[in-house]
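Keep the 3D view open while you read.

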Amino acid sequence: MARSMTPASYCECDGLGLAELVRRKQASPAELLDWAIANAAAINPKLNCLAHTHYVEARAQIAAGLSPGAFHGVPFIIKDLGIELAGTVTSAGSSAFFGRVAPCDSEIASRYKRAGLVIFAKSTSPELGLTYTTESKAFGATRNPWNLQRSAGGSSGGAAAAVAGGIVPMAHASDGGGSIRVPASCTGLFGLKPSRGRMPSGPTLTERWFGLATSHAVTRSVRDSAALLDATCGIELGSRYSAPPPDGGFLAEMHRPPEKLRVAFMLRTWSGSPLDPDCKAATLAAARLCETLGHHVEEATPSIDAETLSRGFATVIVTSVAQTLRDRGFERGTPVAPEEIETMTRIYADQGSNATALMLADANAAFQVAAVRMANFLTRFDLLLTPTLARPPAKLGILGLSPADLGVYGQELASYSPFTSLANMTGQPSMSVPLHWSAEGLPVGAMFTGRYGEEATLLRLAAQLEKAQPWMHKRPVFE
């Protein structure tokens, strides 16, 4: 595959594959960027997955000389939330942040550049990343390339739509309650949430949402996820803790075959809310595939106080929303007005303003209790397998942050993604793997959660699953 490559065919490669083309001088970074921009021009009007484009900055980055990292010359998209690119706007999916120009690169953006990536756009996000769909007043609805009437998930739905739709082979994403794994499940991608303390959040803050949130990516291939983790993980200045590093790097670990794993699986939600048959089928199929690969699979459920955890999770989120909006008002000299934000964002901010220090202390205690219980559970097992979501990708208009019926919205949100947030509260690594498609052609992910610091185990299994049941060839067709 050489310079005859077209915009339609370049995303048949994963990120490492594109970097190899550059290394062999079969394509230049400028040509890859042109192909990515051409695909964005054709695809974004259909999916609405890009919030901002930075083509001038990307060409300037190439002209200045790229770092000789693992992804030298590969076009890349970062999320319009929680990451900043010097001289550009990160609007967090909200009109309240329009016009806010970043004074410097975030640490993770600097690490992306050192890996040789060419950052040329920002992907859409719901306002402040507060829901499991990517719909906002500020940017509209992001569509799922597998079905344009369905959500691409949230809050990294723009990233997932851009990758699944063919603009780039991988994109930055972040996860505070499932926001990497949910979009990966919705769009047929691989999505890994790293352990707490694995990834940088600075330079001004070294953790977000009291440690619930972390960054990484949605990717088409497992090896891209592993190599990108190698390029970006590690302690940053001011960090209070860091996850233990692997022996020899994550990409190298991935190429080691996994030992015989003990996999627990569960098919009921913590609250007892219904599980869609397709999500149950996806989990059972993943369990059977693990068995055929020689792993021991057993149905088992950890003892978790879901009600207390849910209350603590909500306290952290609403408090963080109140703080973010207050600080934005201080920054620009005028308070954020109710009409600038979505209905649920305003409600969360009001609740956060009334939260007490004791409520936050209770939330922190609940998270620690859950982490200990999960750690004890995973002395008997290596991994916990669950559905990623309790339902296939939601229809657009159901989970947006300005709902017509607040009661219906609350029920829909809680029952849609009952599994993902546990790993954020315990700090464990967790991945959604695209092994199943419904009869309607919608992707349905299966989620594996591992011991703290053991992303390598997840990546070794993911590579084994990818080899046994490849998904890279599955591409959506949309008009």
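## Before we start

Helices (H or I, at least four residues) and strands (E, at least two) are DSSP runs, and they're numbered from the N terminus. One thing to keep in mind: this is a predicted model.

## The largest pocket

Let's begin with the open spaces. The largest pocket has a volume of about 1,200 Å³. It is lined by 42 residues, and the closest to its centre are Leu81, Gly82, Leu205, Arg208 and Thr324. Sorted by class, the lining of this pocket holds 16 nonpolar, 16 polar and 10 charged residues.

Which element supplies the largest share of that lining? It's α10, with seven residues. Strands β8 (170-175) and β10 (214-219), like α10, each supply at least two residues of the lining.

## The second largest pocket

Next up is the second largest pocket, with a volume of about 910 Å³. Its lining is made of 37 residues, and Tyr132, Ser310, Phe313, Ala414 and Ser421 lie nearest its centre.

As for class, the lining has 22 nonpolar and 14 polar residues, plus one charged residue.

Now for α10 itself and a helix it meets. Helix α10 covers residues 306-332 and helix α11 covers residues 343-353; their axes come within 7 Å and cross at roughly 100°. Angles of 65 to 115 degrees count as roughly perpendicular, so α10 is roughly perpendicular to α11.

Which residues make the contact? On the α10 side they are Val318, Thr319, Val321, Ala322 and Leu325, while α11 brings Thr345, Tyr348, Ala349, Gln351, Gly352 and Ser353. Among the residues of this contact, six are nonpolar and five are polar, with no charged ones.

## A sheet of three strands

Over to the strands. Three of them form an open sheet in the order β1-β3-β2, with mixed pairing. Why is one side of β1 and of β2 left without a neighbour in the sheet? Strands β1 (50-53) and β2 (75-79) stand at the edges and each has a single partner strand, so one side of each has no neighbour there. On average, and ignoring direction, neighbouring strands of this sheet are turned by 40° against each other.

Zoom in on one pair: β2 and β3 (residues 118-123) run in the parallel sense, paired over five bridges. You can find Ile78 standing opposite Lys122 in β3. A helix joins in too: α3 (residues 55-64) packs on the sheet and touches β1 and β3, and its direction makes about 160° with that of β3.

Last stop: the cavities. How many of 30 Å³ or more does a search of the whole structure find? It finds three. The largest cavity holds about 190 Å³ of space. Twenty residues line this cavity, and the closest to its centre are Gly197, Met199, Thr206, Glu207 and Tyr241. By class, the lining of the largest cavity has six nonpolar, nine polar and five charged residues.

Key. Residues are numbered from 1 along each chain as its sequence is written. This is a predicted model: local features need pLDDT of at least 70, side-chain atom pairs count only at pLDDT 80 or more; totals for chains, interfaces and linings use all residues. Side-chain values use heavy atoms; hydrogens and water are left out. Axes are lines fitted to C-alpha atoms, for helices over the stretch in contact, and angles run from 0 to 180 degrees between N-to-C directions. Angles under 35 degrees count as roughly parallel, over 145 as roughly antiparallel, 65 to 115 as roughly perpendicular and the rest as oblique. Contact means heavy atoms within 4.5 Å. Ala, Val, Leu, Ile, Met, Phe, Trp, Tyr, Cys and Pro count as nonpolar, Asp, Glu, Lys and Arg as charged, and the others, Gly among them, as polar. On a 1 Å grid over the protein atoms alone, a cavity is a set of points where a 1.4 Å probe fits but cannot get out, and a pocket is an open set with protein on both sides within 12 Å along at least five of seven lines; lining residues have an atom within 4 Å of a point. Grid points are joined across faces, edges and corners, and a volume is the space filled by probe spheres set on the points. Two strands pair if DSSP finds at least two bridges between them.
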